[in-house]
Structures are given as structure tokens and as C-alpha cells.
Amino acid sequence: MRPLFIVLPFLALAACATPESRVRSALLDAGLSKPVSTCMAQRMVDRLSLGQLQKLSRLSGLRGRRIGDLTIGQFVRETRGLGDPEIFAVVTTAGLGCAIAS
């Protein structure tokens, strides 16, 4: 058994990875800018289920882009292909709200 002082920092670090931070990171990885990713993650994380967020993270057409290369409109179009009207509605409203706010 490992001493608690060795395990505790790793547990604290794991607790820092909130669903919102994971969504924000996924949006950044997809190519959205940092302000848009932060704004959309805040709006989407409370309105989508964990399964829907996972489904959204598996969008294959969004991998490997540089930050800022993807527009909100392109991201919204990609989400339509998932075939989940709730995801599409949430992403669309979050995208519009964040576009207006920025």
C-alpha cells in the first residue's frame, strides 16, 4: 500500500479535471478559439448529458486543427451530422450566444 502523501497529490489533480474543463479542452483541440471554447463549454456542460458530451467529442472531422482554425458555424455544421437534435440545438444556441458575447 502506498503512503497517503504520495497518492494525495494525484487525487487532487484528478479532481481538477471537471466536465467543463474537459469540454473546453475538446473544443480547443477541435480548433475553436480559447474565448469561444471557454464560453461554449460553460453553456453546454449543464445542458447536455455525459453521453451526449462524449458523442460530441468523437466528431472525427474536427481533429488535428490548430486553435482558431475552426469557426462556430463550421462546428455547428459538423454537429448536425451526429443526428442528435438536442446536441445540435444546444451547440447552436451556445454558439450564437458566444458569438454575440465576443
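This is a predicted model: local features need pLDDT of at least 70, side-chain atom pairs count only at pLDDT 80 or more; totals for chains, interfaces and linings use all residues.
Let me begin with the bond between Cys-39 and Cys-98, which form a disulfide (a pair of cysteine sulfur atoms within 2.5 Å), their sulfur atoms lying 2.1 Å apart. Cys-39 sits in helix α3, residues 34–44, and Cys-98 in helix α6, residues 85–101, so the pair ties together parts that are 59 residues apart in sequence. The torsion about the S-S bond of Cys-39 and Cys-98 is about -90 degrees, so this disulfide is left-handed. Both Cys-39 and Cys-98 are buried, where buried means under 20% relative accessible area, exposed means over 50%, and partly exposed is in between, with a 1.4 Å probe and protein chains only. By the rule I gave, the count for the model comes to one disulfide.

Residues are numbered from 1 along each chain as its sequence is written, and side-chain values use heavy atoms, with hydrogens and water left out.

Now to the chain as a whole. Its secondary structure comes to six helices and zero strands, where helices (H or I, at least four residues) and strands (E, at least two) are DSSP runs numbered from the N terminus. Read along the sequence, the pattern is therefore α-α-α-α-α-α. Buried residues make up 33% of the 102 residues in the chain. Of the contacts in the chain with a separation of 6 or more, 60% come from residues 24 or more positions apart, a contact being heavy atoms within 4.5 Å.

With its own neighbours within four places left aside, Thr-79 is in contact with Leu-56, Leu-59, Phe-88 and Val-91.

Which residues of α4 are buried? They are Gln-52, Leu-53 and Leu-56, and they cover an arc of only 100 degrees around the axis (taken from the directions from the helix axis to the C-beta atoms), which puts them on the same side of α4. What covers these buried residues includes α2, α3, α5 and α6.

The axes of α4 and α6 come within 11 Å and cross at roughly 75 degrees; axes are lines fitted to C-alpha atoms, for helices over the stretch in contact, and angles run from 0 to 180 degrees between N-to-C directions. The two helices α4 and α6 are therefore roughly perpendicular to each other, a term for angles of 65 to 115 degrees, with under 35 counting as roughly parallel, over 145 as roughly antiparallel and the rest as oblique. Here Gln-52, Lys-55 and Leu-56 in α4 meet Glu-86, Ile-87 and Val-91 in α6.

Finally, Arg-66 lies in the loop between α4 (50–57) and α5 (72–80), and at 62% relative accessibility Arg-66 counts as exposed.
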